[in-house]
Amino acid sequence: MQSDSFLYKFYYQWWKNIDKSIFFLITLLFTIGLFFSLVSTSLIASDKLDTNSYFFFFKHLIYIFIGIFIIFIFSSIKTDLLFKYSLVLFFVALISLFLVPVIGIEVKGSKRWIDLFFLPRFQPIEVLKPFLIIMLSTILCSSKNSNLYLKYLLSVILILIISSLLMMQPDIGQTLLVVFSWAVLIFTSGINILFLFGFSILAFSFLAYLIVYVPKFDYIQSRIFSFFNRDRDTGTHNFQSDKAIDSITSGGFFGKGIGEGTLKNQVPEAHTDYIISVISEEFGVVAIILILLLFLMFIYMVFKKINYEKSDKIKLVLIGCVSLILMQVTIHVGVNIRLFPTTGMTLPFLSYGGSSIISISILSGIILNLTKRKINN
């Protein structure tokens, strides 16, 4: 009885203190993602895998349950413990990223995943990203070191290590996402804009050198050329982009209807990298606009909370988390409408994939923790 009473009080305190509007939007986005996972993967499972047509749906459902549990854990602990545990988990995730070149699984020419007995095809960078935001914010807001340029140097070294590991896989999309998140945090912390501009030029110059002169990155050069020249023969990536934009066009404003779309059967990664195109084809551009509005509402609510926050570190973490989500949504949508070259970026909350769901769940838990009422912290 005492145990039940304790759990009830714990849950009551958690529910009373969290921002219910943000929590509702997170739950709604997960629910929408689960619905579209059912719509976009049922035929894939039955036709291509010769298995239960709800195989991917149930797998997605399990990951969402795990994600909700992760959200509850990260949002319920005290803020100081959240930061402490996050730093430990950051180094665990970083070690797993170091292991990718050694024991990683190669899929379509890229080695980005490792197999764990409890989590097959686990992508370390997805779990690393939320904790990287906290690590960078901790470095930039450290009171033990008053030298601002030394803090910037430490953050640059950290980003260079992670970016190098990602480029070895290779995974340019995640590399750009990580560097962008770092740039947002550095800019917000008050760095000289000329320093940031100079570093950006060096970084993009180095990236351009890799793409042009290093054979391992020929596939990126191929995607860029296919983006600017659609007549160039560049294989499946050009085909996927063309099919994605065709499906959006054919769907019109209100779509073809549930199950009437063809993209999910034509593009291998439709339920992950091209989920927006699948939704647009069957439910129309109106559905995409509504989804984007939900993301904008989510970002607005978090930024609204930042205005009332006094801690610089919490402000940086929240800005970093929101920027990470915003940039990932922008890249995903941009690729689907041929605004950007193909990068293989999932859509937060909606795309199918265990690593992606766990990553966004950790981010959501951190956001809910830092936006809740602080009377119990």
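The following questions and answers cover helices, aromatic contacts and chain contacts in a predicted model.

Residues are numbered from 1 along each chain as its sequence is written. In this predicted model local features need pLDDT of at least 70 and side-chain atom pairs count only at pLDDT 80 or more, while totals for chains, interfaces and linings use all residues; side-chain values use heavy atoms, with hydrogens and water left out.

User: How many residues of α13 are buried?
Analyst: Helices here are DSSP runs of H or I with at least four residues, strands are runs of E with at least two, and both are numbered from the N terminus. Helix α13 covers residues 312-336 and has 25 residues. Buried means under 20% relative accessible area, exposed over 50% and partly exposed in between, with a 1.4 Å probe and protein chains only. By that cut-off α13 is mostly covered, and the number of buried residues is 19 of 25.

User: What distance does α13 reach from its first C-alpha to its last?
Analyst: The expected span of a helix is 1.5 Å times one less than its number of residues. For α13 the expected value is 36 Å, and the span is close to it. The distance reached is 36 Å.

User: Which residue with a positive phi follows α13?
Analyst: The phi in question is near 60°. The residue that follows α13 with this value is Arg 338.

User: How many aromatic pairs does a search of the whole structure find?
Analyst: Rings of Phe, Tyr and Trp (its six-membered ring) pair if their centres lie within 6.5 Å; planes under 30 degrees apart count as stacked, over 60 as edge-to-face and the rest as tilted. With this rule, the search of the whole structure gives nine.

User: Is the pair of Phe 295 and Phe 349 stacked, tilted or edge-to-face?
Analyst: A pair of aromatic rings is described by the distance of the centres and the angle of the planes. The ring centres of Phe 295 and Phe 349 are 6.2 Å apart and their planes are at 45°, so the pair is tilted.

User: How many residues apart in sequence are the parts that Phe 295 and Phe 349 tie together?
Analyst: Phe 295 and Phe 349 are both buried. Phe 295 lies in helix α12 (residues 275-306), while Phe 349 lies in the loop between α13 and α14 (354-371). The pair therefore ties together parts whose separation in sequence, in residues, is 54.

User: Is the pair of Phe 298 and Phe 349 stacked, tilted or edge-to-face?
Analyst: Phe 298 is buried, with a relative accessible area of 0%, and Phe 349 counts as buried at 1%. Phe 298 lies in helix α12 and Phe 349 in the loop between α13 and α14, so the pair ties together parts that are 51 residues apart in sequence. The ring centres are 6.0 Å apart and the planes are at 80°, so the pair is edge-to-face.

User: Which residues form one aromatic cluster with Phe 349?
Analyst: Phe 349 has a positive phi, near 75°, in a residue other than glycine. The residues that form one aromatic cluster with Phe 349 are Phe 30, Phe 295 and Phe 298.

User: Over which ring does the charged end of Lys 313 sit?
Analyst: A charge sits over a ring if NZ of Lys or CZ of Arg is within 6 Å of the ring centre and within 35 degrees of the ring normal. Lys 20 lies over the face of Trp 15, at 5.2 Å from the ring centre. For Lys 313 the distance to the ring centre is 4.2 Å, and the ring is that of Phe 83.

User: Is the crossing of α5 and α6 left-handed or right-handed?
Analyst: Axes are lines fitted to C-alpha atoms, for helices over the stretch in contact, and angles run from 0 to 180 degrees between N-to-C directions. The axes of α5 (residues 124-140) and α6 (residues 148-168) come within 9 Å and cross at roughly 170°. Angles under 35 degrees count as roughly parallel, over 145 as roughly antiparallel, 65 to 115 as roughly perpendicular and the rest as oblique, and α5 and α6 are therefore roughly antiparallel. A crossing is left-handed if the near helix is turned anticlockwise from the far one by less than a right angle, and right-handed if clockwise; that of α5 and α6 is right-handed.

User: Is the crossing of α4 and α14 left-handed or right-handed?
Analyst: Helix α4 (residues 79-103) and α14 pack at an angle of about 150°, with their axes 10 Å apart. The two helices are therefore roughly antiparallel to each other. The crossing of α4 and α14 is left-handed.

User: What is the distance in space between Lys 111 and Asp 171, C-alpha to C-alpha?
Analyst: Lys 111 is found in strand β2 (residues 110-116) and counts as partly exposed at 25% relative accessibility. Lys 111 and Asp 171 are 60 residues apart in sequence, and their C-alpha to C-alpha distance is 8.7 Å.
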